[in-house]
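Hi everyone, thanks for coming. Today I'd like to walk you through one structure, a few residues at a time, so please have the picture open.

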Amino acid sequence: MRKVIIMGAGGRDFHNFNAVYRYDPETDVVAFTAAQTPGIDERRYPRALAGDLYPVGIPVFPEEKLPELIREFEADEVVFAYSDVSHETVMHKASIVLAAGADFKLLGPKETMLEASKPVIAVGAVRTGAGKSQTSRRIGQILVDRGLRVALVRHPMPYGPDLEAMRVQRFATQADIDAVDPTIEEREEYERPVELGMVMYAGVDYAEILEEAQQDADVLVWDGGNNDFPFFHPDLFVVVVDPLRAGHELRYHPGETNLRMADVVVVNKLDSAAPEQVARVLADVEALNPNATIVRAESPVDVPDPLEFAGKSVLVVDDGPAITHGEMAYGAGTVAARNGGASEIIDPRPWAVGSIAEVYERFPHIAHVLPAMGYGEEQLKELEATINAVPCDVVVTGTSIDLGRLIDSRHPIHHATYELREIGEPTLEDVLAPILLRVDLSVALF
């Protein structure tokens, strides 16, 4: 019996267990460890999900305890199972594991991708915040406009305490989303696709999710989290690169894996990147994957009333994961504030409270932006308290949801939006043409 610990962040780790270890009598997964996302350690992967080989489920511990856990459980192997970390960080983790006496392992696409009966278009990225979700929305909209039923399956975000209740999640309306009281990050991924006419799926058990989703749709769109590779085997794999972080496509795991596997590479943010940044990214794509089709795109930021904050002091709230472990200095809210003529962008750090202050300590690169952290009711209240404490005239948000719906702000809130727009040819509709033909024929036959 080989004893295994899985290092994760509440997503890829559970999927790797379900896909590879759940029914393996020769392996005993003795623990998960959790990192990256607050509040997901010190819980248990329940028996209902873990299966009969695990009658009491599997405990989840903070990653900081890993060396101690390896010794306590006499673990033979540690599986690394989370994303958007530098190659150097992966090897630091490996060194900790090896020094504690266990083997270090990465599971790849062959072992962990599930096969679908419907066509799958997967969207990934080389970094968090590259524009993956807006690319997924754009692809989904093309399919919906074609009259097709689309299920957009999102990489897991099981942040709640009851994992069994999150086994399979289906959202077809805003009411469906509100009913599960999701975090800000979940809302950012679910709300807009539902508005556009897609059915959203997420959860924990992706074999069951796949079974339901492919009964619900003519085509599946996989929307990867961070820069993870897909859980479903794709018929077309679209990967987004970010010239604003030129060079990162070669330095982060598993973003480089995605780039090497891509059928299509979307070079995004051409409206804000410098020519030398774009040139660097294109050169890296050519070196790693010369056969990939290149789609050029921009992400113009739109604010309905930009004159409302011209000449005013502004607090910017931008996408949480992109700003934190995605290491972006700013996002769409900052672009909107600058373009709108804000007199000052306030540094919110002196007024941050509770876990929001801890975020700034963990990610010292963050300065004149407030990351939209909301992993639970308590943190959402701390975000609200921080916003209300900052002395500013207005708040500009660059998240994909209207934050004003979730918090009670004493400042007026202006919401900046952004959607992907292709430049020149080929377009995403061009690269989707073979899949569309396949799906149209299938729909016609049945």
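Let's start with proline 321, which lies in helix H12, residues 320-323. Keep in mind as we go that this is a predicted model. Is proline 321 buried or exposed? Its relative accessibility is 8%, and buried means under 20%, so proline 321 counts as buried. If you want to find valine 301 from there, proline 321 and valine 301 are 20 residues apart in sequence and 19 Å apart in space, C-alpha to C-alpha.

Now please move to aspartate 84. You'll find aspartate 84 in the loop between strand S5 (77-80) and strand S6 (85-86). With a relative accessibility of 3%, aspartate 84 is also on the buried side of the cut-off, since buried means under 20%. Which residues does aspartate 84 touch, not counting residues up to four places away in sequence? The list includes Gln36, Val126, Arg127, Thr128, Tyr252, His253 and His325. For a sense of distance, aspartate 84 and serine 343 are 259 residues apart in sequence and 34 Å apart in space, C-alpha to C-alpha.

Arginine 127 lies over the face of tyrosine 252, at 3.7 Å from the ring centre. There is another such arrangement to look for: the charged end of arginine 338 sits over the ring of tyrosine 330, 4.7 Å from the ring's centre.

Next, rings with rings. A pair of aromatic rings is described by the distance of the centres and the angle of the planes. How many aromatic pairs does the structure hold? There are 15 of them. One is formed by phenylalanine 17 and tyrosine 45, an edge-to-face pair with 5.6 Å centre to centre and 80 degrees between the planes. Phenylalanine 17 lies in helix H1 (residues 12-21) and tyrosine 45 in strand S3 (residues 44-45), so this pair ties together parts that are 28 residues apart in sequence. Phenylalanine 17 is buried, at a relative accessible area of 0%, and tyrosine 45 counts as buried at 0% too.

A second example is tyrosine 206 with tryptophan 222, again edge-to-face, at 5.8 Å centre to centre and 75 degrees between the planes. Here tyrosine 206 belongs to helix H9 (residues 206-216) and tryptophan 222 to strand S12 (residues 219-223), so the pair ties together parts 16 residues apart in sequence. Tyrosine 206 is buried at 1% relative accessibility, and tryptophan 222 is buried at 0%.

Going back to phenylalanine 17, this residue also belongs to one aromatic cluster, together with Phe14, Phe32, Tyr45 and Tyr54.

Helix H1 also holds histidine 15, which is buried, with a relative accessible area of 2%. Leaving aside neighbours within four places in sequence, histidine 15 is in contact with Thr112, Leu114, Tyr206 and Phe231.

Last stop: two helices. The axes of helix H14 (residues 354-362) and helix H15 (residues 377-389) come within 7 Å and cross at roughly 80 degrees. That angle makes H14 roughly perpendicular to H15. On the H14 side the contact is made by Gly354, Ser355 and Ile356, and on the H15 side by Gln379, Glu382, Leu383 and Thr386. By class, this contact has 2 nonpolar, 4 polar and 1 charged residues.

Methods: Residues are numbered from 1 along each chain as its sequence is written. This is a predicted model: local features need pLDDT of at least 70, side-chain atom pairs count only at pLDDT 80 or more; totals for chains, interfaces and linings use all residues. Side-chain values use heavy atoms; hydrogens and water are left out. Rings of Phe, Tyr and Trp (its six-membered ring) pair if their centres lie within 6.5 Å; planes under 30 degrees apart count as stacked, over 60 as edge-to-face and the rest as tilted. Helices (H or I, at least four residues) and strands (E, at least two) are DSSP runs, numbered from the N terminus. Buried means under 20% relative accessible area, exposed over 50%, partly exposed in between (1.4 Å probe, protein chains only). A charge sits over a ring if NZ of Lys or CZ of Arg is within 6 Å of the ring centre and within 35 degrees of the ring normal. Axes are lines fitted to C-alpha atoms, for helices over the stretch in contact, and angles run from 0 to 180 degrees between N-to-C directions. Angles under 35 degrees count as roughly parallel, over 145 as roughly antiparallel, 65 to 115 as roughly perpendicular and the rest as oblique. Contact means heavy atoms within 4.5 Å. Ala, Val, Leu, Ile, Met, Phe, Trp, Tyr, Cys and Pro count as nonpolar, Asp, Glu, Lys and Arg as charged, and the others, Gly among them, as polar.
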